[in-house]
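Let's learn to read a protein structure together, one feature at a time. Have the picture open beside you as we talk.

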Amino acid sequence: MATENPLILKLEHGARLTDEDRRLLRSVAVETRLVDARQDLIREGEVPDAVHLVLDGFACRYKMLDDGGRSIVAFLLPGDFCDLHVAILGHMDHSIGTLAPCIVVEIPRVKIEELTTHPRIARALWWATLVDEAILREWLVSMGRRPAHKQLAHLLCELLFRLRAVGRASDGMFELPVTQEELGDALGVSTVHVNRVLQQLREDGLISLQGRLVTILDLPALTRFSTFNPNYLHLRNGPRDHAVKEVQEPRLV
Amino acid sequence: MPRYFFDIDDGHRTTRDYEGHEFPDRSAVRDEALRALPTIIADELPDSDRRIFSVKVRDERDVTVYFVTLTLVAEWLE
């Protein structure tokens, strides 16, 4: 596990931070709060006066549907701001809830505004927002055009890359503390289908599952199968192990 | 809530459900079984013109309580 603040690990991909920037970012992420699994951090319609940052755990953005169902539109991982845009947009147009127990920090809006007066940090926060959008675009493609088994495989690749960028995954292994129902809510498919697809990926030797621990056994095969290209995550250093090189675009920064 | 297990057969491979899923009533179980069928076909278009897709639902006693099949029959007419 990484000891460095995941926010800093993440933002380093978006801007060349100085020691002073890092010190500043660390100073806003000190008052942490432990939140149980399946709790709302903020609900649709609310006007929050603080921005939530996930330091540990697993949360999501979601919208409730008429029939009582839920559509998960983003997974929020360590280092992710939940509602950075709210500093500008005002009220929430969706809800944010934890899926696993989380360590979160609430950063007052004024602090965020203060942070943005530092050019490299401002750039990094802007970068983070743009990457969120890029992920949403990719989910839109997945939802609309990828069959469910490839969609799930694609999501697993994405989670590996995102968690690895903040030191929360190694050797193709990461914790996925979500239920099959929650995966279904994120993919827009039934729980039964998620179960079937996970089993197929296991039988085909692409992944293994032990409780909440996911191991990607054959990353090149999984990326080929799901046509995953990490370019949309805009990670600076990129993946280092040879397994991933072949899926990288040369123009990837 | 009672737990049900959905075994899916796409004509090539059978996936047995070891986890199970909870449903409030039988009509929700039926809905889920029916909903699974078109998704299976959407994942991979069948390569043959005859294919039977099925979902078998077992309850906690391992008794099959619901079974649904979808039969694909296709042919060139000219």
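A: Across all chains, a search of the whole structure finds 28 salt bridges. Keep in mind that this is a predicted model.

Q: Which parts of the chain does the salt bridge between A:Arg120 and A:Asp21 link?

A: In this pair the closest N and O atoms are 2.6 Å apart. The bridge links distant parts of the chain, with A:Arg120 in helix α5 of chain A and A:Asp21 in helix α2 of chain A, 99 residues apart. A:Arg120 is partly exposed because its relative accessible area is 33%, while A:Asp21 is buried at 2%.

Q: What is the N to O distance between A:Arg61 and A:Asp132?

A: Their side chains meet in a salt bridge at 3.9 Å. This pair also links distant parts of the chain: A:Arg61 lies in strand β4 of chain A and A:Asp132 in helix α5 of chain A, 71 residues apart. A:Arg61 counts as buried, at 11% relative accessibility, and A:Asp132 is partly exposed, at 30%. Elsewhere, salt bridges that share partners join A:Lys10, A:Asp80, A:Glu158 and A:Arg162 into one network.

Q: Now for sheets. In what order do the three strands of the open sheet in chain A stand?

A: To read a sheet, follow the strands from one neighbour to the next. In chain A the order is β1-β7-β3, with antiparallel pairing. β1(A) and β3(A) each have a single partner strand, so they stand at the edges, with one side left without a neighbour in the sheet. From one strand to the next, the twist averages 35°.

Q: How many bridges join β1(A) to β7 of chain A?

A: Four bridges join these two antiparallel strands. To find your place, look for A:Leu34, which stands opposite A:Ile103 in β7(A).

Q: What should I look at in a pocket, and which element gives the largest share of the lining of the largest pocket?

A: Try its volume first, then its lining. The largest pocket holds about 1,300 Å³ of space and is lined by 44 residues, with A:Gln180 and A:Glu181 among those nearest its centre. The largest share, six residues, comes from α7(A). Chain B takes part too, with β3 and α1 of chain B each supplying at least two lining residues. By class, the lining divides into 15 nonpolar, 15 polar and 14 charged residues.

Q: What is the volume of the second largest pocket?

A: Its volume is about 650 Å³. The second largest pocket is lined by 26 residues, and A:Arg61 and A:Asp132 are among those nearest its centre. The classes are 16 nonpolar, four polar and six charged.

Definitions and conventions
Residues numbered from 1 in each chain as written. Chains lettered and ligands numbered in written order. Predicted model: local features only at pLDDT ≥ 70, side-chain atom pairs only at ≥ 80, totals over all residues. Heavy atoms only, no water. Pairing = 2+ DSSP bridges. Axes fitted to C-alpha atoms, helices over the stretch in contact; angles between N-to-C directions. 1 Å grid on protein atoms, 1.4 Å probe; cavity = no way out; pocket = protein on both sides within 12 Å on 5 of 7 lines; lining within 4 Å. Points joined across faces, edges and corners; volume = space filled by probe spheres on them. Nonpolar A, V, L, I, M, F, W, Y, C, P; charged D, E, K, R; others polar. Salt bridge = Lys/Arg side-chain N within 4 Å of Asp/Glu carboxyl O. Buried < 20%, exposed > 50% of the residue type's maximum accessible area, 1.4 Å probe, protein only.
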